[in-house]
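The account goes from a helix pair to the pockets and then to the cavities.

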Amino acid sequence: MSDIHDHASDHDRALPPIELVDLRRQYLTIRDEVLAAMDAALSGMQLNLGPNVQGFEREFAAYVGADQGIGVGSGTDALYLALRACEVGPGDEVITVANTFIATVEAIVMAGARPVFVDVDPLTQTMDVEQTAAAVTPRTRALMPVHLFGQAADMAPLQAIATAHKLWLIEDASQAQGAAYEGQRVGSIGDLAAFSLYFSKNLGAYGEAGICTTSNPELAERLRMLRSHGSKVRYYHDLIGMNSRLDELQAAVLRIKLRRLEEWNDARRHHAAAYTERLRDLVAAGLVETPYERPGSHHVYYTYVIQTGERDALKEALAAAGIASGIHYPLPLHLQKACADFALPEGALPVSERLAGRILSLPMFPELRGDEIDRVCEVIRAHARVAVS
């Protein structure tokens, strides 16, 4: 271990840190436009589902290829309200994965349903199709695949399963704004999609925000009611809903960012290709695994996740060199204390469990520079030399 820390020389420590996500750089490129848009919104004071919310809903729906967008308060709310719109509730089961953020499961539980976990494909780390088909029971009402790390789940066979069993197909697209599957953007494939617009995402607000997309007008109408206390007309309530309306100021920011999303996603893909090229020899030596992009998939690299058997030591080495990294996610949901009521025993999802001990997210954001990618890869390379010596 001392060799690893020795690598973080005085020169390394003198270099500026590299953040996992550096939002300040992006803000500086749009600062004047953001401040002007916020001033205009505050001057107009139409703050309840105002013109920016309505404009963003139309523009984002058009971007993903869906008929309608329904802006809500967060990605968690988007998932929950999607389930409620589909009338998923007590006694129902929803099939999903365990290697995701807990919000996926929180939404299912809040709706009153039971999450049923399946394992993931070892290459894409998205929902295993065969296990999903085997997990369907008479109580299953919906499939909720997660488009993980910026890559779409394998949607065609999942659509076939949903159609065969008359299930709702709800996309958890929280990490995949702009990703596509066989030429079709996520958010327009299932019956409904839920997006988080949390500030670290490819398309992120400056606070909490989310949006649902659908081409089903009945689901869209229910979503609009549910987000506004179950009401179409003020003070007349047809459903028990909640208060989860997209904020007008956040929508103003999101409209500005949406116009740049393709450019920013292209930059992420460029950075991912640079990482993959610089780590190619370590992959060939069996020391590191780089992300797999399924043929026909347009991966937008919310995170760039490598795998290594020396994950924790490598994380330390990066930190010693002033480089942030992350673990998405260190403990699968089926082993989490909060999920005890529907947990699976250790060993039940071997792929998810193995990944949890090997995955490491490297710095990834559009404004990342080539010299910073070089620095990250130099530390990984030096660590690999120590690990095999």
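In this predicted model, helices α4 and α10 cross in a left-handed sense. Two packed helices are described by the angle between their axes and the distance between the axes. For α4 (residues 51-64) and α10 (residues 248-258), the angle is roughly 35° and the axes come within 8 Å. On the α4 side, the contact is made by Pro51, Asn52, Val53, Gly55, Phe56, Glu59, Phe60 and Tyr63. These residues meet Glu248, Ala251, Ala252, Leu254, Arg255 and Leu258 of α10. Sorted by class, the residues of this contact comprise 9 nonpolar, 2 polar and 3 charged.

The next topic is empty space. Rolling a probe the size of a water molecule over the atoms shows where such space is left. How big is the volume of the largest pocket? The value is about 480 Å³. The lining of this pocket is made up of 27 residues, and those closest to the centre are Phe101, Ser196, Tyr198, Lys201 and Tyr302. Three elements each supply at least two lining residues: α5 (75-85), α6 (103-110) and β14 (359-362). Of the elements, α5 gives the most, with 3 residues. By class, the lining of the largest pocket holds 12 nonpolar, 12 polar and 3 charged residues.

The second largest pocket has a volume of about 320 Å³. Which of its 14 lining residues are closest to the centre? They are Asn48, Ser228, Ser231, Arg234 and Arg245. Helix α9 (217-227) and strand β10 (231-233) are the elements that give two or more residues to this lining. The class counts for the second largest pocket are 4 nonpolar, 5 polar and 5 charged residues.

How many cavities of 30 Å³ or more does the structure hold? There are 4 of them. The largest cavity contains about 90 Å³ of space. Its lining includes Leu123, Thr124 and Gln125, together with Leu148, Phe149 and Gln151. Pro291, Tyr292, His299, Thr303 and Val305 also line the largest cavity. In this lining, 6 residues are nonpolar and 5 are polar, and no charged residues are present.

Terms used
Residues are numbered from 1 along each chain as its sequence is written. This is a predicted model: local features need pLDDT of at least 70, side-chain atom pairs count only at pLDDT 80 or more; totals for chains, interfaces and linings use all residues. Side-chain values use heavy atoms; hydrogens and water are left out. On a 1 Å grid over the protein atoms alone, a cavity is a set of points where a 1.4 Å probe fits but cannot get out, and a pocket is an open set with protein on both sides within 12 Å along at least five of seven lines; lining residues have an atom within 4 Å of a point. Grid points are joined across faces, edges and corners, and a volume is the space filled by probe spheres set on the points. Helices (H or I, at least four residues) and strands (E, at least two) are DSSP runs, numbered from the N terminus. Ala, Val, Leu, Ile, Met, Phe, Trp, Tyr, Cys and Pro count as nonpolar, Asp, Glu, Lys and Arg as charged, and the others, Gly among them, as polar. Axes are lines fitted to C-alpha atoms, for helices over the stretch in contact, and angles run from 0 to 180 degrees between N-to-C directions. A crossing is left-handed if the near helix is turned anticlockwise from the far one by less than a right angle, and right-handed if clockwise. Contact means heavy atoms within 4.5 Å.
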